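Open the model in your viewer and keep the selection panel at hand. Each stop below says what to select and what is there.

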Amino acid sequence: MTAVLSDAPVSSSTARSLDAVALYRFFRSGEEETLALRGVSLHVDAGEIVAVTGPSGSGKSTLLSCLAGLDEPTAGTVRIAGERMSARPESERAALRADRIGVLFQSNNLFAHLTVEENVQLAQRLSPRSSPSPAPREIVARVGLADRTRSLPSQLSGGEAARAGLAVALANDPVFLLADEPTGELDGDTEQRLLDLLRAHADRGCAILLVSHSPHVVAVADRVIELEDGRIR
Ligand code: ADP
Ligand code: MG
């Protein structure tokens with residue numbers, strides 16, 4: 001297959017949206033075969049927060065990995081701002097991810113031996129993008145950690161570490177933010193603070209997809225997609 005950078009015209013409606021069409025993901029490990037995604041299609045618009053819920057094992061993390069280009073769906077198509085993310089080499093997926101996507105996990109978003117600011121700097125260096133990114137200090141300030149730029153992750157509270165992780169995810173000013181249980185380890189107040197930051201980022205035109213069980217996350221979402229056994233309910 002040839003690597004065509006834009007194989008679809010980017011109309012204004014797709015310019016800043018995320019689209020997945022008929023995603024399937026089949027896993028085989030040893031004797032065990034799992035169809036983790038069975039034809040999932042979804043659309044997330046700029047400025048929108050979509051929550052993905054569903055029981056453990058329903059395919060939420062698999063879906064997020066396929067959308068982020070961290071995993072390759074067995075079948076189906078993912079488009080990021082009209083550009084195809086699926087069915088192309090990992091190096092091209094990585095370049096597209098660097099340019100457009102921030103990924104936030106429940107934990108382990110930070111390197112332990114680097115300060116908050118250095119973590120953001122490293123994320124920028126590992127993902128050089130075509131247009132200049134904001135200064136690391138500015139990104140750290142945006143998540144309310146201006147006085148923590150030189151702190152190591154071990155010196156942060158749980159809520160501060162979550163916001164520092166968000167700063168890393170936002171390091172390259174992504175158009176799409178994908179997060180897997182981002183508030184899973186936070187208490188009510190710190191969870192709300194992170195959600196306020198996510199809403200502020202959506203208001204700047206980012207499309208956000210959050211995998212979560214939390215009723216607070218579901219409450220702040222514009223739309224909720226429920227997965228069950230690899231399908232949208
Ligand atoms: P969730 O995030 O909703 O808990 P997952 O997407 O992690 O669900 O998993 C969906 C299904 O796919 C589960 O049955 C899980 O065991 C299986 N699965 C996920 N990743 C792999 C993998 N790398 N190899 C084999 N099976 C996997
Ligand atoms: Mg999961």
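Two strands pair if DSSP finds at least two bridges between them. Strands are DSSP runs of E with at least two residues, helices are runs of H or I with at least four, and both are numbered from the N terminus. This is a predicted model, in which local features need pLDDT of at least 70 and side-chain atom pairs count only at pLDDT 80 or more, while totals for chains, interfaces and linings use all residues. Residues are numbered from 1 along each chain as its sequence is written, chains are lettered from A and ligands numbered from 1 in the order in which they are written, and side-chain values use heavy atoms, with hydrogens and water left out.

**Stop 1: the hairpin**

Select residues 18–29, strand S1, and residues 32–44, strand S2. They run antiparallel, joined by 10 bridges. Pick aspartate 19: its bridge partner in S2 is histidine 43. Now go to the turn, where two residues sit between the strands. Glycine 30 takes a positive phi there, near 65°.

**Stop 2: the open sheet**

Next, show the six strands in the order S6-S7-S8-S3-S9-S10. The sheet is open and its pairing is mixed. Which strands are at the edges? They are S6 (101–104) and S10 (231–232), each pairing on one side only. Then select S3 (residues 49–53) and S8 (residues 207–211), which run parallel with four bridges between them. Alanine 51 stands opposite leucine 210 in S8.

**Stop 3: the helices**

Helix H2, residues 90–100, lies across S6 and S7. H2 runs at about 85° to S6.

**Stop 4: ligand 1**

Select ligand 1 and the residues around it (a heavy atom within 4 Å). Among them are Phe27, Thr34, Ala36 and Pro55. Which helix gives the most to this shell? H1 does, with three residues.

Now look at the polar contacts (pairs of N or O atoms within 3.5 Å). A polar side-chain atom of lysine 60 lies 2.8 Å from a ligand oxygen. For serine 61, a polar backbone atom is 2.9 Å from an oxygen of ligand 1. For serine 58, the backbone distance is 3.2 Å.

How values were computed
Contact = heavy atoms within 4.5 Å. Axes fitted to C-alpha atoms, helices over the stretch in contact; angles between N-to-C directions. Polar contact = N/O pair within 3.5 Å; in protein donor to acceptor, adjacent residues only side chain to side chain.
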